[in-house]
Amino acid sequence: KKTDVVTVNYVNLTADAGANVCTGGTVQIGGSPTASGSGAPFTYSWSPNTNINTSTSSNPFVYPTVDTWYTVTVTNVSGCIDIDSVFVDKQASPVA
């Protein structure tokens, strides 16, 4: 009888895109922190990659022209991922 041993390592990884926001201009998104758990350092990939100052930052600034869902994919050093999204409601600029 042959026996195989399989070791499974549980990785606790949590992505936090932050709370939904309303803005008439530029706003910073992402959690505090955006990634937590084991396997640091983490990498970040935000989508869509439009109206965002950098799609690989943990807390980028966005300036949407329409209401937009931004999704962050967090990856740890082991290649494990977690995904979270935040809704940015584009408010009309005030009229003077």
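View 1. In strand S8, Val-88 is the bridge partner of Val-21. S2 and S8 (residues 81-90) run parallel and are joined by three bridges; two strands pair if DSSP finds at least two bridges between them. Strands (E, at least two residues) are DSSP runs, numbered from the N terminus. The model is predicted: local features need pLDDT of at least 70 and side-chain atom pairs pLDDT 80 or more, whereas totals for chains, interfaces and linings use all residues. Residues are numbered from 1 along each chain as its sequence is written, and side-chain values use heavy atoms, without hydrogens and water.

**View 2. The open sheet of four strands.** The strand order is S2-S8-S7-S5, with mixed pairing. S2 and S5 (43-47) stand at the edges with a single partner strand each, so one side of each has no neighbour in the sheet. Direction ignored, neighbouring strands are turned by 25 degrees against each other on average, with axes as lines fitted to C-alpha atoms.

**View 3. Thr-23 in strand S2.** Thr-23 belongs to S2 (residues 21-23). Thr-23 counts as buried because its relative accessibility is 9%, where buried means under 20% relative accessible area (1.4 Å probe, protein chains only). The side chain of Thr-23 reaches the backbone nitrogen of Gly-25 at 3.0 Å. Not counting residues up to four places away in sequence, Thr-23 touches Val-88, Asp-89, Lys-90 and Gln-91, with contact meaning heavy atoms within 4.5 Å.

**View 4. Ala-35 in strand S4.** Ala-35 lies in S4 (residues 35-37) and is buried, at 8% relative accessible area. Beyond neighbours within four places in sequence, Ala-35 contacts Thr-14, Phe-42, Tyr-44 and Val-74.

Terms used: Buried means under 20% relative accessible area, exposed over 50%, partly exposed in between (1.4 Å probe, protein chains only). A polar contact is a pair of N or O atoms within 3.5 Å; within protein, one must be able to donate a hydrogen and the other to accept it, and residues adjacent in sequence count only if both atoms are side-chain atoms. Axes are lines fitted to C-alpha atoms, for helices over the stretch in contact, and angles run from 0 to 180 degrees between N-to-C directions.
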